[in-house]
Each structure stands twice: as structure tokens, then as C-alpha cells.
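Please keep the sequence and the coordinates at hand while reading.

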Amino acid sequence: MSLFTESEASWEEWWTYDGISGPSFWGLINPQWSLCTKGRRQSPINIEPDKLLFDRHLRPVHVDKHRVSGHLHNTGQFLVFRADREAKIRVNITGGPLAYHYQFEEIYIHYGMDDSHGSEHRINNYAFPAEIQVYGFNAELYHNMSEAQHKSQGLVAISLMVQLGETLNPELQIITSVFSKVLHRGDTAPVRYLSLKSLLPDTNGYMTYEGSTTHPGCWETAVWLILNKPIYITARELYALRKLMQGPSTTPKAPLGNNSRPLQGLHFRTVRTNIDFAKRGNAKCPSMAQDMHYRDDFFLPANTWRDDGSLSHNVV
């Protein structure tokens, strides 16, 4: 099933992508999407809890505390934050499954035009309203993002699921406060003193696999980390995000939202986790069985997934 409906597409043209039907969004916006049909290590994927492999050797992920400044761009395809390259202080990402030091470079924001979809990755087939993807490049082996994205172990991508809530993440608010300045394609706004470390949810748990970037040309050089807690955005800020447009002010075209790439096949790849389910049996946490309960530092605390993908609250 496509993440889109015909009423959500202003172009009224349809495409077929890996057997999935949907509006001709990708081809019209950027012809480089044709590059993304190749390879067997593509992203995003659906995380299936009962197929996760616990790896005791996975370390905690470490992100430097330094604050960074940069600019938020409406590219007409995505909303992207890029760190200032001339800055003297860089934010390094280390640990986890990473064998090298990675330097933070970009943030991509994917979101839907309604709350039922938006995130590119899914958890047990559940889609969040939005997903923030933090990208860094291997600064030990390569000089910059442009070089690293073509090379082995070139990139790290950290996925933050974004859930609707009453309290906005304070660091996310630094980004959302300038949404009104990037309404149209080509608009750019400065973002100052963003703490990447504080933007991340308070959890050491994550899932990891080898995949690709989800923007053109989907280079299969990314080590993905999907953090095991969401961050929260308010309905007001999500509404402001959905007002952004694909075109310039003279011809705004369609909304920028619904810019998530369809799910890709796992193709026998292993998705590892540092969460030891065996040690959490007495805490009513995931047992790796079909009926999954989430609590403590698991996705959506005090919620349980139903077979239909809906959530019930306050399960203990």
C-alpha cells in the first residue's frame, strides 16, 4: 500500500517503484531518484522486533556536547539543516557500531501531511508523523561528505522518530522557530547554537543496520542507528511544518510534506540491537514474542502495540 493517495498529489501522475504504486513525486522533483532502484542495501526499512539480533559488543553512542550553527534550507524536496563548514568546532559521533569518528554535517526532516504516516523507517509497521535523520561523514578516512557518501563506511545516519505530544523537545524548538522563514523552495534561515546531543532522546537503546541514504542518489554507504525512543513535537509546530511548500513564492505548487521514501526490502540483512531482551523478562518488556509490550526505555513508554498498528496507553 502506498503512503500517498491521489488527493494528496497535485501532479496527478503515477509511478511504479519497486512494485509500489504512488504519485510521481520522486521522479518529477529529482531525476536522481532513478539511481535508487539499484542495490540490495537500500533504506528505509521496517524494524521487526521479533527479528532483531542482540549484540553484546555494541557500545553506547557518543555525541559531542558542542553546539553548532548552520542554516535551514527548503530545497523543494526536503527540509535540510546544514552545519556551517567554516566553524572551528565540530561535533563528533562515535561509539555504537562505529569503528571510526564521524563528523556531524546535516539533518533531514521527513514528515506526512497527516498523523498516520511521515516517518521513513517503521517500527513493527507503525509509522510516526515525522522522522529526523542526522547524518555525519567518516572524518578519519575522508575529507568531506561529498567524498564519503561514495565510500565504504562513509556515513552514519541516526534516526529520531518524532511523535505528537504536548511538550516540544527544546532543541527541536530551535529548528521549528524558523519554519516561517523557509516557506518556499530556495528559502534559507540561520539556526544558531543547536545542541545535537540534547536533540537526541534520553536512551542508550538503539537498532542498527547497513543501508543507504534515503535521498538521491541513495548511496549504500550508511550505518543506520534507529534510537529506541521518540522525541516529541506539538500539534502547533507540526501544523507549521505542513505549511511548507515545494515551489517558490510565485508558484508554491504542492506541500513539501509526504516526502518519505517507500520501504525497501531487507534482503537478508541483519538488524542488530544493544537491548538485551532476556534481562528484561521480569519488567514486562519486549520478549521477542508476537505480542510486544513497550515500557521504560522502549519505543513509546507505557504503550503496547496492537495487531492493527494502533496504540493503547498506560499498559504496565
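## Backbone features in the loops

Proline 44 lies in the loop between α1 (25–29) and β3 (46–47), and the peptide bond that joins serine 43 to proline 44 is cis, with an omega of about 10°. The model is a predicted one, and every value in this report is to be read with that in mind. A cis peptide bond also joins proline 216 and glycine 217, where omega is about 0°; glycine 217 is placed in the loop between β14 and β15.

The loop between α5 (235–241) and β17 (272–273) holds histidine 267, which has a positive phi of about 50° although it is not a glycine. Phenylalanine 268 lies in the loop between α5 and β17 and, being a residue other than glycine, likewise has a positive phi, near 65°. Histidine 267 is partly exposed, with a relative accessible area of 36%, whereas phenylalanine 268 is exposed, with a relative accessible area of 81%.

## Aromatic pairs

The structure holds 6 aromatic pairs. One of them is formed by phenylalanine 78 and tyrosine 108, whose rings are edge-to-face at 5.6 Å centre to centre, with 75° between the planes. Because phenylalanine 78 sits in the loop between β6 (67–74) and β7 (79–83) while tyrosine 108 belongs to strand β9 (residues 102–111), this pair ties together parts that are 30 residues apart in sequence. Phenylalanine 78 and tyrosine 108 are both buried.

Tyrosine 209 and tryptophan 224 form a stacked pair, 6.5 Å centre to centre and with 10° between the planes. This pair links distant parts of the chain, since tyrosine 209 is in strand β14 (residues 206–211) and tryptophan 224 is in strand β15 (residues 222–227), 15 residues apart. Tyrosine 209 and tryptophan 224 are each buried. One aromatic cluster is made up of Phe78, Tyr108, Tyr135, Tyr209 and Trp224.

Tyrosine 100 is found in the loop between β8 (92–95) and β9, and is partly exposed, with a relative accessible area of 24%. Leaving aside neighbours within four places in sequence, tyrosine 100 is in contact with Ile93, Thr94, Asn138, Glu140, Leu141 and Gln153. Of these contacts, glutamate 140 is 40 residues apart from tyrosine 100 in sequence, yet the two are 6.5 Å apart in space, C-alpha to C-alpha.

Histidine 117 lies in the loop between β9 and β10 (122–123). The relative accessible area of histidine 117 is 8%, and this residue is therefore counted as buried, the cut-off being under 20%. The side chain of histidine 117 is joined to that of aspartate 114 by a polar contact of 3.5 Å.

## Nonpolar cores and cavities

The largest nonpolar core has 44 residues, and those with the most contacts inside it are Ile93, Phe104 and Ile107; β9 gives the most to this core, with 5 residues. Apart from neighbours within four places in sequence, isoleucine 93 is in contact with a set of residues that includes Val61, Val63, Leu98, Tyr100, Phe104, Val134, Ile158 and Leu196. A second, separate core of 25 residues includes Phe137, Met145, Met161 and Tyr209.

A search of the whole structure finds 2 cavities of 30 Å³ or more. The second largest cavity contains about 40 Å³ of space, and its lining is formed by Ile109, Ala130, Ile132, Val162, Leu172, Phe179, Ile233 and Leu241.

Notes:
Residues are numbered from 1 along each chain as its sequence is written. This is a predicted model: local features need pLDDT of at least 70, side-chain atom pairs count only at pLDDT 80 or more; totals for chains, interfaces and linings use all residues. Side-chain values use heavy atoms; hydrogens and water are left out. Rings of Phe, Tyr and Trp (its six-membered ring) pair if their centres lie within 6.5 Å; planes under 30 degrees apart count as stacked, over 60 as edge-to-face and the rest as tilted. Helices (H or I, at least four residues) and strands (E, at least two) are DSSP runs, numbered from the N terminus. Buried means under 20% relative accessible area, exposed over 50%, partly exposed in between (1.4 Å probe, protein chains only). A polar contact is a pair of N or O atoms within 3.5 Å; within protein, one must be able to donate a hydrogen and the other to accept it, and residues adjacent in sequence count only if both atoms are side-chain atoms. Contact means heavy atoms within 4.5 Å. A nonpolar core is a set of buried Ala, Val, Leu, Ile, Met, Phe, Trp, Tyr and Cys residues joined through side-chain atoms within 4.5 Å. On a 1 Å grid over the protein atoms alone, a cavity is a set of points where a 1.4 Å probe fits but cannot get out, and a pocket is an open set with protein on both sides within 12 Å along at least five of seven lines; lining residues have an atom within 4 Å of a point. Grid points are joined across faces, edges and corners, and a volume is the space filled by probe spheres set on the points.
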